[in-house]
Amino acid sequence: MAAEPVIRFNEVSKTFQRPDGRGDFVAVDKLSFEIAKGEIVAVLGKTGCGKSTMFNIVAGLIEPSAGEARVIGHDPFHEFEFFRGQIGIVFQNDRLMPWRSTLDNVRLGLQILDSDPKQADETARRWLARLGLSGHENDYPYALSGGMRQRVSIARAFAVDPEILLCDEPFSSLDEMTARDLRAEFVRLVRQSNKTAVFITHQINEAMEIGDRVMVFHRPARIAYETRLGGTTDAARRAIREDIMRVLSVEQSPA
Amino acid sequence: MTNTRTMRVLQAAAGMLVLAAGWQILSVVFPHYLFPPVPEIISRTIEILITGSLLTDVLLTAMRIFGGLLGAFILGGLLAMVIGQSKTAENFIAPILTFFQGIPALSWVVFAIIWFHGIEFRVLFIMVMTTLPAFTFQILDAFRSMSKDLFEMTMAFRPSRWTLFRFLIVPTIVPGILTAWKVNLGNAARVVVVAELVGATGGVGYQLLRQQQLFDMAGAMAWTLQLVLFVLIVQQTINAIENWALRYRAVSERAM
């Protein structure tokens, strides 16, 4: 019997009311997919295609309007308690608490989960060290560079040892060199810990570099193209890249 | 940075010296019962500080200010939290607070004298009613300025309500609370004098009333200075707390 997927969307839709009150708009349209344990799935799509809405549904931050979203076999929006420590999120901006030191920011999730303070301290320090931030434990976020701040947010997500990692364009605001280093570091950490990861991006290269599988979204969010990348030759990857570009170029205009 | 601070202190001191010099010139031109000389005012001010029975009046006023502000802060904080979580509560409570804001402090003094017997309760009531709207709206503003990004990030860890309050809401509203205390302190110092002037048998306001009856301008100035000194000391204490509590901010940001 096949293992239960870690993330499963079954015809999930999400509709929002327009800010001006004139009707609704559909952000996610009958989206269905499954993600297995240990898989890294890159979700690719143009800005405003509903990637982040899908992300927020998986994270349990918003409720689907229709369909069923299951994460580790549970409803992420309604089963609030179950997901304590199960999901780690790295956002587009670092979202560090400015009043907390680097160490305290990494410790945040562990404190919320009521971890033993001594153990939380050790874990946070260990993750900071793994991400090359030893010596910056007592620095406040304003004193760190953009790349360092994003490293702290990665450490914060990993520190709670979550089952699933959700990343919403985490390196998009960084320069290419820093982003490349962090991408490599991120993939290494995910593989080492055998975590399931969903990585949202709007860059084809980044998606192909990170993902075992790439899902391309059209607007409103639904899968327009999907492919596996593991073990593909350079020629095959070039062909996939061209396919993705073709799919993105026939993007529908917004509803 | 130290040089800038020293320069700022020197400039402030120079301004006060000019004011004192101007007063001293007036004391030469006009009779002393209108403009008493600066040394006499200073001597009377010191006399109050070193005379136990007089200092008690200053401390009594200080306690009333703190009591009133603390009461308004607690009540205002609770109201702000209720309003912040319910649009219905806001629609119900906000107009009442706005209405209260329009009532002059002197009217609250009159109401308190008519409604209540105990002096201390009267003063507390006046202090709370005059500072409650400002505390509520300032804390509410601070609560509403909470970053949606940080809220989502924290919620992703699935905190309890208490944990969310402790780790996110409190640090978010601390700057607003400190500002509210600073703003309301000056307001409270003015209101307490009015309340004591009309309805108390002790405190700086009561002593000011006595100086007016005795036509003692030096005494009136000395008692006024007690209140000014008190406000300055508390303001500086709040500033020190603010510098400590907001030490995470970049130096350039804090200096703004």
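Chain B of this predicted model falls into two domains, domain 1 (1-30) and domain 2 (36-254), with bounds that come from an automatic or database domain assignment. The C-alpha centres of domain 1 of chain B and domain 2 of chain B are 28 Å apart. This is a predicted model, in which local features need pLDDT of at least 70, side-chain atom pairs count only at pLDDT 80 or more, and totals for chains, interfaces and linings use all residues. Residues are numbered from 1 along each chain as its sequence is written, while chains are lettered from A and ligands numbered from 1 in the order in which they are written.

**Chain B overall**

- Chain B has 11 helices and zero strands; helices (H or I, at least four residues) and strands (E, at least two) are DSSP runs, numbered from the N terminus.
- The C-alpha trace of chain B spans about 70 × 55 × 30 Å along its principal axes.
- Of the 256 residues in chain B, 29% are buried. A residue counts as buried if 20 or more other C-beta atoms lie within 10 Å of its own, as exposed if 12 or fewer do, and as partly exposed in between, with C-beta atoms placed from the backbone.
- Among contacts in chain B between residues at least 6 apart in sequence, 71% link residues at least 24 apart; two residues are in contact if their C-beta atoms, placed from the backbone, lie within 7 Å.

**Where the chains meet**

- The contact draws 15 residues from chain B and 21 residues from chain A.
- On the side of chain B that touches chain A, helix H7 (148-155) and helix H8 (161-199) each supply at least two residues.
- H7(B) gives the largest share of that side, five residues.
- Sorted by class, the side of chain B that touches chain A holds 10 nonpolar, one polar and four charged residues. Here Ala, Val, Leu, Ile, Met, Phe, Trp, Tyr, Cys and Pro count as nonpolar, Asp, Glu, Lys and Arg as charged, and the others, Gly among them, as polar.

**Chain A overall**

- Along its principal axes, the C-alpha trace of chain A spans about 50 × 50 × 45 Å.
- Buried residues account for 41% of the 255 residues in chain A.
- Among contacts in chain A between residues at least 6 apart in sequence, 70% join residues at least 24 apart.

**Nonpolar cores**

- The largest nonpolar core has 69 residues, and those with the most contacts inside it include Val43(A), Ile89(A) and Leu166(A). Such a core is a set of buried Ala, Val, Leu, Ile, Met, Phe, Trp, Tyr and Cys residues joined through C-beta atoms within 7 Å.
- Helix H4 (residues 146-159) of chain A supplies the largest share of this core, six residues.
- Leaving aside residues up to four places away in sequence, Leu166(A) touches Phe55(A), Val58(A), Ala59(A), Ile87(A), Ile89(A) and Val198(A).
- A second, separate core of 44 residues has Ile65(B), Phe135(B), Val204(B) and Met221(B) among its members.

- Strand S8 (residues 213-218) and strand S9 (residues 222-228) of chain A pair in the antiparallel sense over six bridges; strands pair if DSSP finds at least two bridges between them.
- S8(A) and S9(A) form a hairpin, with three residues between them.
- Val214(A) has Thr227(A) as its bridge partner in S9(A).
- Pro220(A) sits in the loop between S8 and S9 of chain A, and a cis peptide bond with omega of about -10° joins Arg219(A) to Pro220(A).

**Loop aspartates in chain A**

- Most residues other than glycine have a negative phi, and most peptide bonds are trans.
- Asp114(A) has a positive phi of about 60°; this residue lies in the loop between helix H2 (102-112) and helix H3 (117-130) of chain A.
- Asp114(A) is exposed, with 12 other C-beta atoms within 10 Å.
- Asp161(A), in the loop between H4 and strand S6 (164-168) of chain A, has a positive phi near 50°.
- Asp161(A) counts as partly exposed, because 16 C-beta neighbours lie inside 10 Å.
- Asp175(A) is placed in the loop between S6 and helix H5 (176-193) of chain A, and counts as exposed with 11 C-beta neighbours inside 10 Å.
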